[in-house]
Structures are given as structure tokens and as C-alpha cells.
Amino acid sequence: MKNTVLIILGVLLMAACGQSYEETKQLTKKQRMEAARKDSAALKVAVMPTLDCLPLYVAQHYNLYDTLRGGVRLKYYKAQMDCDTAMERGRVEGAVTDLVRAMRMAKRGTKMRYVAATNAYWQLVSNRNSRVKLVKQLDDKMIAMTRYSVTDMLADAAIDSAKLDKDRVFKVQVNDVFVRMQMLQNNIMDVLCLTEPQATWARAMKNPVVLDTRDLGWQMGVIAFREKEMQRQARAKQLELFVKAYNQACDSINKHGVAYYRDLIKERCKLKVELADSLPKDLKFVHAQGPRQEDVDRAEKWLEKGRVR
């Protein structure tokens, strides 16, 4: 009799455990479905550990996105190519990018709406051990860049300005910005295309700047959204509120200065705090407005010249 009671209790206990497991599994499934629903409803923007994304990080830091219907979710990537892939596959609605990449995506079938021109600039920084200080010294050197981007375009501009043989300057695709910095530190690459804050990091290590997009008069940074998504009423409202939050964040940065957000830059850009104080003091962030036509034309001309697919 005693054994029978123990068996019955054991069966009941196993049944209870089985029910608890099923309930837990069902709850987890519901949680996943709810998370997916919220993610789908949110306006998702691809960002990178670069300073042109700072207004988006500041807006998130101050919860300026909380008032948006569905909210805004920043999707963090280390390579611009990964941002593009997310855009083209519909994983995100927008991205902080450059005109060359945005226009290439448009040519490939993803129509874009340019919401804001950013203050991003790119520098061609040479490894100090390569002894390259002038563009004419790029002969037989390797340049780290990303294909079909402003960095690719900048490398071409340097080669053309010095009238070098393109077959003797080796453009090497290195998409991850942190991998580029590791290559610089380990003396693997001769020259690298960098934007901020990685450019400041490189200059702090006494690596010279060979060419700067600002010297060329380029303003190629842009925040772009998928046009098809923005035609939806709900997305259009989200975009309107996103722009409002973006402008407020720009005002805050301009008021306090970039160094005021050194801890945020350290967290999002993986930059040492002391380097944040070395960032250019004259950096200003303008309210959201479309890119200049001359920059659009410049990107278009370069893409057409290369017959980019």
C-alpha cells in the first residue's frame, strides 16, 4: 500500500512538472511573439559606432523616442555593408549611411528617401610606418575601404589626383571599422579610409592625414529610409516624430559640445574617454534636411563611371 501511494505521488509530481514545462514553453513562445510584434511596429534604424550617429544615440539616451508610435529601435552594426543588407532585406526601415551606398541601393531596387544630410567626413589616414604623407606616395600601397561607398570614391579621388596607375594602388575591402583600426595598430595596412571618431583615434597615434573629403568640398553623409515603407501612414507619422527627436538631439549637442557626451561616445563607439576630448571642437550637427544636389550628382557620376551593378 505504501509503495502504491509513493507511485501515485510520483506520477502526480511528474505530471505537474510536465505541465509546468509546457506552460513555460508556451509563455516563452508568447514572449517571443510579443517581442517580434513590438519590433515590427517600431521604426528601426541601422547605426554604426561613428560620430554621425551621435544625434540618434543622444535622442535614445534622453528617451526622446518614447513618444513615437511604436517607438524607434536602433540596430547596431560594425560595418556599413551590414547596414545595407539590413535595409535591402527589410530588417530596418532606415540607416545612417553615405550617398554612394544609398544611391547604389536605389539602383538595385530599394528606393530611398533622404531625410537628413549628416556632418560626416572621411579622411585618408596613412600608417606612420608606411611613410606616406602625400597622395603621390600611394603607389604600390594598400588602402582599406569598403567597395561602392564614399571610402571607395575617396580612394579613387586620391589616385586620380596624383595620376597614379590604378593597378598599382591596391584597394582592399575591410568593412568592419574596428578591424580597420586593428590593422592600423598592427601595421598590416598602409592607408585607411576613416570617419570620426576612428579618424581622431588614428591621428592621436601620430598617423598623418593624406586626404580629407572636406578639402574636396564633399558632404556625403546621409540618413536614408526605404521609400516604400515611408508611404505608409503609420510610418510617415513615425518618421515625422523621428525627425523632431533628431533635431532636438542636434540642438543639445551643439549647446553642450561633443565632449559633453564623452561617456555615451565611449559606450557606443568603443572610444577611450580621453580621446573624446580630442574630437574636433567645431563639430556642429544641423537639423534634418536633404543632401545638396551637387553631392547627389557627384555620387551619381562616380557610380555611372564605374558602371556599378
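Five strands form an open sheet in the order β7-β6-β8-β5-β9, and the pairing is mixed. Two strands pair if DSSP finds at least two bridges between them. Helices (H or I, at least four residues) and strands (E, at least two) are DSSP runs, numbered from the N terminus. The model is predicted: local features need pLDDT of at least 70, side-chain atom pairs count only at pLDDT 80 or more, and totals for chains, interfaces and linings use all residues. Residues are numbered from 1 along each chain as its sequence is written, and side-chain values use heavy atoms, with hydrogens and water left out.

Valine 125 stands opposite leucine 192 in β8. Helix α6 (residues 177-185) lies across β6 (142-145) and β8, and runs at about 140° to β8.

**The β2-β1-β3-β10-β4 sheet**

Another open sheet of 5 strands has the order β2-β1-β3-β10-β4, again with mixed pairing. Its edge strands are β2 (72-76) and β4 (112-117), and each pairs on one side only. Here neighbouring strands are turned by 30° against each other on average, direction ignored.

Strand β3 (residues 94-98) pairs with strand β10 (residues 221-226) in the antiparallel sense over 5 bridges. Aspartate 98 stands opposite glycine 221 in β10. Helix α2 (residues 54-61) lies across β1 (43-47), β2, β3 and β10. Its direction is at about 130° to β2.

**Nonpolar cores**

A nonpolar core is a set of buried Ala, Val, Leu, Ile, Met, Phe, Trp, Tyr and Cys residues joined through side-chain atoms within 4.5 Å. Buried means under 20% relative accessible area, exposed over 50%, and partly exposed in between (1.4 Å probe, protein chains only).

The largest core has 50 residues. Which of them touch the most other members? They are Leu54, Leu56, Phe225, Phe242 and Val258. The largest share of this core, 7 residues, comes from α9. A second, separate core of 44 residues includes Met48, Ala86, Trp122 and Leu211.

Take leucine 56. Leaving aside its neighbours within four places in sequence, leucine 56 is in contact (heavy atoms within 4.5 Å) with Val45, Val47, Tyr65, Leu74, Val96, Ile223, Phe242 and Tyr246.

**Helix α10**

In helix α10 (residues 262-269), Leu264, Ile265, Arg268 and Cys269 are buried. They cover an arc of only 100° around the axis, which puts them on the same side of α10. The arc is that of the directions from the helix axis to the C-beta atoms. What covers these buried residues includes α2, β2, α6 and α7 (198-204). Just after α10, lysine 270 takes a positive phi of about 55°.

**Salt bridges**

Side chains of opposite charge can pair when their charged atoms come close. A salt bridge is a side-chain nitrogen of Lys or Arg within 4 Å of a carboxyl oxygen of Asp or Glu. How many salt bridges does a search of the whole structure find? The search finds 22. Three of them are set out here.

| Pair | N to O distance |
|---|---|
| Lysine 166 and aspartate 160 | 3.9 Å |
| Glutamate 240 and lysine 237 | 3.9 Å |
| Glutamate 267 and arginine 268 | 3.5 Å |

Lysine 166 is partly exposed at 40% relative accessibility.

Glutamate 240 and lysine 237 are 3 residues apart in helix α9 (residues 233-256), so about one helical turn separates them. An α-helix has 3.6 residues a turn, so residues three or four places apart point the same way. Glutamate 240 is exposed, with a relative accessible area of 51%. Lysine 237 is partly exposed at 28%.

Glutamate 267 is partly exposed at 46% relative accessibility, whereas arginine 268 is buried at 18%.

Salt bridges also link residues into a network: Lys44, Glu93, Glu229, Arg232 and Arg235.

How values were computed
Axes fitted to C-alpha atoms, helices over the stretch in contact; angles between N-to-C directions.
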